[in-house]
Each structure stands twice: as structure tokens, then as C-alpha cells.
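My notes follow in the order I looked things up.

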Amino acid sequence: MSSTGDDAVGGLCAVHVPRTARTVTDLPRVSRFPAVQPGQPAIERLAPTSELIGFRGPTACAAAGITYRQLDYWARTGLLEPSVRTAYPATSQRLYSFRDVLLLKIVKRLLDAGVSLQNIRVAVAHLQAADQSGLAGMTLMCDGATVYECTTPQQVVDLLKGGQGVFGIAVGAVWRELELTLGRLHAERTDTGETVVGQDPADELAQRRNRAV
């Protein structure tokens, strides 16, 4: 096959074009992730604390360290019902918010400390009514019978000096621990019903690929 002189001598293939000969707009755009098609929701990473994220019963049990029988009993007796979705009608599954699971974990610790269900009910009602932004700075102290709320280190010290508080729960520490745990477990979007596959927060690429399946 013959070739022209320009092709054989004077022409340049793309890889030989000097950088100054091609502008940025001439170069193909490379994206790390597939582009979102029209009509599709944007791929996003939602924190476990988001109001758009809910957790089904088995996930809530695993994160709170309780049995499904305990979860079911507490919901049926009104101790702690899911705030996102109840089990009624019978065809639906309970869906718990991050705060719900946080309270489940705290209830478990209070029970382990010997606090009565009556006093736990009072504590749960108080925590549910509290502003979520204030929970992280709260410490619960109990003497096996009564639960006390402390919002400053001095209150904790005063309670200990009085010989009343013998067991403490730093709600902020439980919060941080739970946030890491739930970030690795499956969740459900409350707006679309989409299953969100939990992954290590550092592995953003794997998380996005799982969401796209």
C-alpha cells in the first residue's frame, strides 16, 4: 500500500503533537465515576445520622448489641418504637433512625447496670425530647435505681461527691462508636426505599459501585 509524503514524513500522529498545539478544551474529559444520566438521582454519600437514612430491625439489633426478641418486645410495649416506620401494616418492616438505635444502645447499657424499666422509660422519654445537637455533650449517671442527666463535667463531679452516681454513660462516645458501626452496615433510604450498602467510609469508590448495582 502506498502512502503520501505527508503521511510518511510531514504528518504527526496524536501522541507526537506538542503540548502547546492542543488546548485544555481539546482534550477528552476523564471522570472517575460514570456520569449521572438525565433523570437519575445523583450518587451521594449519606452519613448514618442523616434523616434520609433508616435501619431495619436486624441492623439495629447488631449495632445496639441486643436480640431481636428484645427489640420486638420494646417496640410492642412502647418502650422504644421506631420513629421512621412501624411494623404496621403487617407487611411493612420496622425502620429505625440513628437516634432510635442510639437509644436502643443506651437502654441496653442501663439494663446491664440494673436500672429498672420504669426509670428507663423516663430516661428514654427525656432523651427523645432532647435536642439532637445536645445529646453529644450529655452524660447519663445512674445508681442502679435513678438516672441523672449531666451536661457539664462539674455536674458529674458533684454527683459523684454526693455518693449517688456509680455508673456513667457518655452519650457522645456512644454516638461516635455507633456512627462508625452503622457506616459499615446496610441501611435504607427513607425517601426512595433504596438499599444502601455499608462500606468503610474510606472506600468511596467501592461504595459508589455498590450503589450503582
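**Confidence**

I checked confidence before anything else, since this is a predicted model. The mean pLDDT of the protein chain is 77. I find that 69% of the residues reach 70 or more. Residues 2-38 are another matter: pLDDT stays under 50 there. For that stretch the model has twelve contacts beyond four places in sequence.

**Whole chain**

I counted nine helices and seven strands in the protein chain. The chain has 213 residues, and 31% of them are buried. I then asked how far apart in sequence the contacts reach. Of the contacts with a separation of 6 or more, 58% join residues 24 or more positions apart. The exposed surface comes to about 13100 Å². Carbon and sulfur atoms supply 54% of that area.

**The four-stranded sheet**

I traced an open sheet of four strands, in the order β2-β1-β6-β7. Its pairing is antiparallel. Which strands stand at the edges? They are β2 and β7 (195-196). Each has a single partner strand, so one side of each is left without a neighbour in the sheet. Next I looked at what packs on this sheet. Helix α2 does, touching β1 and β2. The direction of α2 makes about 90° with that of β1.

I went down to the pairing itself. Strand β1 (residues 53-56) runs antiparallel to β2, and two bridges join them. F55 has Y96 in β2 as its bridge partner.

**T59 in α2**

I picked T59, a residue of helix α2. Is T59 buried or exposed? Its relative accessibility is 14%, so T59 counts as buried; the cut-off for buried is under 20%. I listed its contacts, leaving aside neighbours within four places in sequence. They are L182, L185 and H186.

**Helix α3**

I moved on to α3, residues 68-76. L71, W74 and A75 are buried there. Why do they fall on the same side of α3? They cover an arc of only 100° around the axis, which puts them on that one side. R69 and R76 lie on the other side of α3, and both are exposed. I also looked for what covers the buried residues. The cover includes α2 (57-64), β2 (95-96) and α4 (98-112). Just after α3 I noted G78, with a positive phi of about 80°.

**The three-stranded sheet**

I found a second open sheet, of three strands in the order β4-β3-β5. Its pairing is antiparallel too. β4 (147-150) and β5 stand at the edges. Each has a single partner strand, so one side of each lacks a neighbour in the sheet. The twist averages 25° from one strand to the next.

How many bridges join β3 to β4? I get four, between β3 (residues 139-142) and β4, which run antiparallel. T139 stands opposite C150 in β4.

**A170 in β5**

I stopped at A170, in strand β5 (residues 167-170). A170 has 38% relative accessibility, so it counts as partly exposed. Beyond four places in sequence, A170 is in contact with M138 and T139. I also took a distance to C150, which is 20 residues away in sequence. The C-alpha atoms of A170 and C150 are 9.4 Å apart.

**Helix α7 and V156**

Last, I looked at what lies across β3 and β4. It is helix α7 (residues 153-161), running at about 145° to β4. V156 has its place in α7. With 17% relative accessibility, V156 counts as buried. What does V156 touch, not counting residues up to four places away in sequence? I get T139, M141 and C150. T139 and C150 are the pair that stand opposite each other. As for M141, 15 residues from V156 along the chain, the C-alpha atoms of the two are separated by 7.7 Å.

Technical notes: Residues are numbered from 1 along each chain as its sequence is written. This is a predicted model: local features need pLDDT of at least 70, side-chain atom pairs count only at pLDDT 80 or more; totals for chains, interfaces and linings use all residues. Side-chain values use heavy atoms; hydrogens and water are left out. Buried means under 20% relative accessible area, exposed over 50%, partly exposed in between (1.4 Å probe, protein chains only). The arc is that of the directions from the helix axis to the C-beta atoms. Contact means heavy atoms within 4.5 Å. Two strands pair if DSSP finds at least two bridges between them. Axes are lines fitted to C-alpha atoms, for helices over the stretch in contact, and angles run from 0 to 180 degrees between N-to-C directions. Accessible areas come from the Shrake-Rupley method with a 1.4 Å probe; for residues, only the protein chains shown count as cover. pLDDT is the predictor's confidence in each residue, from 0 to 100.
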